[in-house]
Amino acid sequence: MVASALFILDIKGKVLISRNYRGDIPMSAVEKFMPLILEAEEEEQTPTPIMSSEDGIHFLYVKHNNLYLLVMTRKNSNAATILLFLHKLIEVFKEYFKELEEESIRDNFVIIYELLDEMMDFGYPQTTESKILQEYITQESYKLETQPRLPMAVTNAVSWRAEGIKYRKNEVFLDVVESVNLLVNANGNVLRSEILGAVKMKCYLSGMPDVRLGLNDKVLFESTGRTSGKGKAVEMEDMKFHQCVRLARFETDRTISFIPPDGEFELMSYRLNTQVKPLIWCEAVIESHSNSRVEYMIKAKAQFKRRSTANNVEIIIPVPEDADTPKFKCTVGSVTYAPEKNAAVWKIKQFPGGKDYMMRAHFGLPSVRSDDPNKRPPISVKYEIPYFTVSGIQVRYLKVVDKSGYQAFPWVRYITQNGDYFLRLPDPVKTSKLGTI
Amino acid sequence: MAAAPRGPPKFFSTTKKGENFELKADLNSEYRDKRKETVKKVIANMTIGKDVSSLFADVVKNMQTEDLELKKLVYLYLINYARTQPELVILAVNTFVKDTDDANPLIRALAIRTMGMLRVEKIIDYLMEPLKKALKDDDPYVRKTATLCVAKLYDLNPEIALDNGLITIVQDMLSDRNPMVIANAVAALAEISEASVRRDVFVVNTSILTKLLAALNECTEWGQICILNSLANYRPNDTREAADIAERVLPRLQHANASVVLTAVRVLMIYIDLIDNDELSKQILRKLSPPLVSLLSTEAEIQYVALRNINLILQKRSDVLSQEIRVFFIKYNDPPYVKLEKLEVIIKLCSDKNVDQVLSELREYCNEVDVDFVRKSVRAIGRCAVKIDSAADRCVNGLLDLIKTRVNHVVQEAIIVIKDIFRKYPNRYEGIIPALCENLETLDEPDAKASLIWIIGDYADRIDNATELLEYFLENFKDESSTVQLQLISAAVKLLLKKPGSAQDIVQKVLTTATQGCDNPDIRDRAYIYWRLLSSNPQAAKAVILAEKPPIESDANTVSETLLDELIHNIGSLASVYHKTPSLLGGAAITEISRGPVRDTLEMEGDEPEVDARTVAQQVNAAVGGGIENLLDLDFGGGSNGGGGGGGYSATPTPVTARAASNIDDLLGMDDFGGGGGGGGSNAGSPFGGMPGFGDSTPATPVERVEWLAPHAANGLEIAGTYVKRGGQVGADLKVANRGSSPMTDFAIQYNVNTYGLAPATALQVPSPLQPGQTADVFLPLHRHGQPQRMDPASLVQIAIKNNAGIYYANTHVPAGLLD
């Protein structure tokens, strides 16, 4: 662990706010940080998130908007912990001030100091749950008679939930969100396909409820010897749980049981490597007419069941930087040229399963061109398919038990969307100006 | 300072003169609100770096207040300025002490926390009583804060902390009923134990272990990291206990916090060596893989740390991610530092099963924009060729295709790696030389030029127009960089030796220019040496300059075994990111490599001796002659100067890694003569380290013994040895000395499986007892009927030597050629 001091710097390296946790490194040592960044950039390397100065000070940082969040240490500290803490800090600040940027730091310096004091002590992370912090570190000035009290949760075993929460109507909303990461090479072979799933919860439950979540988990089914019945069971490669989930219990009998935090949080995430048919498939043919124009022909296909529909589909086709006079033609949707991204963006509001659509784009090219044939980003695709999980995961039950014995209503939604979804472009087919003579 | 454009109070906007004077007045205002606003203004000034220390007394006056926000601001001010005004801090002490008695635990804890942070000696006396009380506070929040305060105090003044029995109290707190308090007590004790010489500060026994394991399930994610950390340091009593702990740690791999996962991986990687239950070991290894893959879905910075650690884990357990190579394929939007690390992991995971897929990926990366990344991708293709024999043809074809693209930096990098391929597979690919030479004129980087010149020189007899080609480079001899000049001298001489008569003029010219017109002593000296050799004894010149070069090997394992074990004990830490031993980082190791009872017994049976941190120095020495263990890996990422190189001039050269070979100098006949890197990486820091052959060697002892066991690491037993052939019998030539104070008996030696199947032909014949101060020369005949197993490097032979005082391990190296 052990962070010696923490800084928030602007993009030029000026300190906006800082906190010295251990006093073993002079705070002026932060001046050595920006030169390290610049030096790396000068040598055409991107600076790594961990760097050290010649006199043995280590800098670990995260860049966010136009800010550097930076930790200094001289020891062999736990790098993963420090970087993760910085991300946690960003998360907490965002929940407090919406945006974390130079201005919000200036406007909220008092509360930032308070948070820095509370979240880390002597370089060791302490309480980082923003829900709990908000109970005793608030933006309103305190009145004399209402001195804030420490929420029990700070030191409880259940450090993420306050006591005495009350709702008139007890409800739980579950969102199962799956993102598909896909990488297809220029020949149309799938190099990599994985599903990253997350179960997000919104809990409006009174008291200290004990919740159990049942999924169609293949390992569970096999271990209990039950057949999965009508639906198929899903084999999850790796599951990660919010700290409220009892991991030891999960390890023994794969039961997901927990006392949830109040409000919104991510209960778990999982990963599947099972290869699935790419949901939105794109084929591209590029014809380049020796330095005068280039044509793209894109065929997009929705490779999922007819009863589902992908919404807000965006197919982003990269084009040469110096392309001009765009012309588009498509069967469905609309195409725009986004010069700032050097791309043509094909938007389709609704893309039903099983359909395929075509698009043609035509660009002029200057006759004199910088010879840079290498730069070829892939096509990327954005989409959302509601009421559908590509893995087939299902919530079998959600049981809520509280001492007071109330009835809680669970609501479940499923959605599948794109993650890092890339299809590499093929080489352009070269046609000479003369054509075939 | 730009003013915040909106929002009601603008604390950063005042820039008037005499501001502190006004603030001083306002701090003493009769209105509470006014005073509070002013303190905020003071803090704002402090934040932007203005000196407000002169207001100390006036700010402190506002400390005694019911307003918690105001109190916190004053405390903050104190933390920043207490050290500049130590004599005034006393003003604040009364309020501090009073606050530690407040009814509100928030305030009690705040006072304790802040007092510990002032770092002023004067305040320590006042802190002691409140701190002791806080350690026994009813509220766990106060206790957990006080626990860390003990570590702060120890940092400031260890004696006082010890004298007042604070450490004992914290030790008792390991049994606290609150998991957060336990976690902070663990953190505090670990820190104190690291700083102190006493080894009894943090001793985990069975009952504490039970409490730690219970707290692991209950405390916050950060607390879990502290506890896992202490488990990594713990030495289990037996294999059974090790297995139990490992099983309790396994569920942590499912935690959402990546650092919890990585620290759990550390514990498991350590414990897996201590477990003798094969079933469980396999299960652990199987369970390690998915969480490691999932770490690649985290924030880029965390991915970077994870990838650097996966790199290490693969060097230790190459089978962990063998099925997962695809997840390391580069995403278009990965940050460059992630791309480069993924590339390293891809090369590690590359095998003859997936090499086609890897090559097509690498070809794709060569089209990227980032020049640095493209170069490393080109280089990666060459590294695959060196690593996987069966894929070398495909790699070479791939590189030739790249050369045809004529993209300048791609071509130059390709030529540099092709040189490595030529060294690995001599005489296999000379057919591609014409294609390389076509690019002669486009080369402008010294490394690329030097590589091509080296190829021309080495294959001078197969290249018809070698003379012409060299002449082309010689035209601008004086303007070339020294790397290129050195290569040119060697290549010209090689040409002369290989095709006598053809290059007389060139050699004459280049040697004259080098000896008369060059200021660089290296170049001048090499030219002189060659000249003398050629003129006095051409036969000897041939033997030296055209001597067979040691083959290079895959550089997949970039850290030595000793360092690797140390780094595995530090997974997730900065050391694991830099791949440097923690002692070089200016801090102690997160986890020490400890020698527990279990470890010792395991070492006796195991076939892979573990290495104690204390024997590092000895290991370095043992590596002499092998010359490749760049133990400290000081210059990771770059070519290692002085790392590598052959053995002494009379010893036959041993293999060098491809990385070392990327340093052109090492490839030269010069080094074969001069003695090369006698100490390998261990001498990297010393300017003379690379040249022991000149000064030390006396003709009488053709083969020098090197230190195998250092007396301080082996209870006084010192062994220096080497491998020799005597009358056709291969054996170990040893000097055994007793530097201890008591007689030694019961000597025995054992050989671990090694590349050559070397094993003792007879028992070790040491005079028994070996009296203190006595030295014995021993020859241990060896046979080659043992179980052969490829070692990396191939020359590595691990041995264990036993006497009545213990068992010691040494890494020794067989000089290449000895066994041919």
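Modeller: Terms come first. Helices (H or I, at least four residues) and strands (E, at least two) are DSSP runs, numbered from the N terminus. Axes are lines fitted to C-alpha atoms, for helices over the stretch in contact, and angles run from 0 to 180 degrees between N-to-C directions. This is a predicted model, where local features need pLDDT of at least 70, side-chain atom pairs count only at pLDDT 80 or more, and totals for chains, interfaces and linings use all residues. Residues are numbered from 1 along each chain as its sequence is written, while chains are lettered from A and ligands numbered from 1 in the order in which they are written.

Now the pair. In chain B, helix α8 spans residues 140–156 and helix α11 spans residues 179–195. Their axes lie 9 Å apart, at an angle of about 5°. So α8(B) is roughly parallel to α11(B) (angles under 35 degrees count as such).

Which residues meet? From α8(B), they include B:Leu148, B:Val150, B:Ala151 and B:Tyr154. Among their counterparts in α11(B) are B:Val181, B:Ala188, B:Glu191 and B:Ile192. Contact requires C-beta atoms, placed from the backbone, within 7 Å. The residues of this contact divide into 12 nonpolar, two polar and three charged. Ala, Val, Leu, Ile, Met, Phe, Trp, Tyr, Cys and Pro count as nonpolar, Asp, Glu, Lys and Arg as charged, and the others, Gly among them, as polar.

Next, the chain. Chain B has 36 helices and 10 strands. Here 82 of its residues are in contact with 72 residues of chain A. The largest share of that side of chain B, seven residues, comes from α8(B). That side divides into 44 nonpolar, 20 polar and 18 charged residues.

How values were computed
Parallel < 35°, antiparallel > 145°, perpendicular 65-115°, else oblique. Contact = placed C-beta atoms within 7 Å.
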